[in-house]
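Dear colleague,

Please find below the structure that I am handing over to you. My findings follow directly after it.

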Amino acid sequence: MHIAILTFEGYNELDSLIALGVLNRVKTDDWRVTIATPSPKVTSMNGVVIEQMSTLEEACAADAVIVGSGSATREVVEDPAIMNILRGLDPSRQLIAAQCSGALVLAKLGLLDNMPACTDLITKPWVVAAGVDVLNQPFYAKDNTATAGGCLASHYLAAWIIARLQCHDAAEGALHYVAPVGEKDAYIERAWRNISPYLPAPAPALS
């Protein structure tokens, strides 16, 4: 399984790197998490430089994709070279998730048609202007597409992807690892309260 986190110039470290850390709590041989960038290196909104682990083209073939956010997302959606590649994203064959202003990317790609989205408060007017209803909640998913609003909601996207591609126990284990000591039960309960309504119903047991 390949999970790619789209990370652009001006990226938000909390969005891309928290998701990277939580997703990498899955320790199986076929599990790979990468930072996918449009260039060999990108610099965050606070000056943190990271190197490309996979390309945008490779991300379009991944099993799951998180579209990260940042200070230059409006420039990203106006860049035809980037957006032409990202038109290869397809929720019929991969999980597609967006963090904060990543929802604007999905909106401009037409991947939020007929569904509301979550995003951060700064990005909200731009997503609304793109024709998408914005919810006042941290997480929402429909079928294979999910969005989260607020930097510290990034672990919801990571847990949703782990639950979808692995299992509930694997997602809970990842959340348990990163949750604050002394608050782990409450932290996990709150996460499942937000994520569970959007997970597929378990298959019925064989009689």
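Setting aside neighbours within four places in sequence, valine 65 is in contact with Ala4, Leu6, Ala59, Leu89, Gln94, Leu95, Ile96 and Ala97. Please note that this is a predicted model. Valine 65 belongs to strand S6, which covers residues 64-67. Its relative accessibility is 0%, and valine 65 therefore counts as buried, the cut-off being under 20%. Isoleucine 35 is 30 residues away from valine 65 along the chain, and the C-alpha atoms of the two are separated by 10.0 Å.

Leaving out neighbours within four places in sequence, serine 16 is in contact with Ile5, Leu6, Thr7, Tyr11 and Ile35. Serine 16 sits in helix H1, residues 13-23, and is buried, with a relative accessibility of 0%.

Two residues deserve attention for their backbone angles. Most residues other than glycine have a negative phi. Cysteine 100, although not a glycine, has a positive phi of about 50°. Aspartate 143 is likewise not a glycine, and its phi is positive, near 55°.

- Cysteine 100 is in the loop between strand S7 (95-99) and helix H5 (102-108). With a relative accessible area of 2%, cysteine 100 is buried.
- Aspartate 143 is in the loop between strand S8 (139-142) and strand S9 (145-148). With a relative accessibility of 61%, aspartate 143 counts as exposed.

As to the protein overall, it contains nine helices and nine strands. Its radius of gyration is 16 Å, close to the 17 Å that the globule rule gives for 207 residues, so the protein is as compact as a globular protein of that length. The C-alpha trace spans about 50 × 35 × 35 Å along its principal axes.

Of the 207 residues, 51% are buried. Among contacts between residues at least 6 apart in sequence, 64% join residues at least 24 apart. The protein exposes about 9800 Å², of which carbon and sulfur atoms supply 53%.

With kind regards

Note on methods. Residues numbered from 1 in each chain as written. Predicted model: local features only at pLDDT ≥ 70, side-chain atom pairs only at ≥ 80, totals over all residues. Heavy atoms only, no water. Helix = DSSP H or I, 4+ residues; strand = E, 2+ residues; numbered from the N terminus. Rg over C-alpha atoms; globule rule 2.2 N^0.38 Å. Buried < 20%, exposed > 50% of the residue type's maximum accessible area, 1.4 Å probe, protein only. Contact = heavy atoms within 4.5 Å. Areas by Shrake-Rupley, 256 points an atom, 1.4 Å probe, with all protein chains shown as cover.
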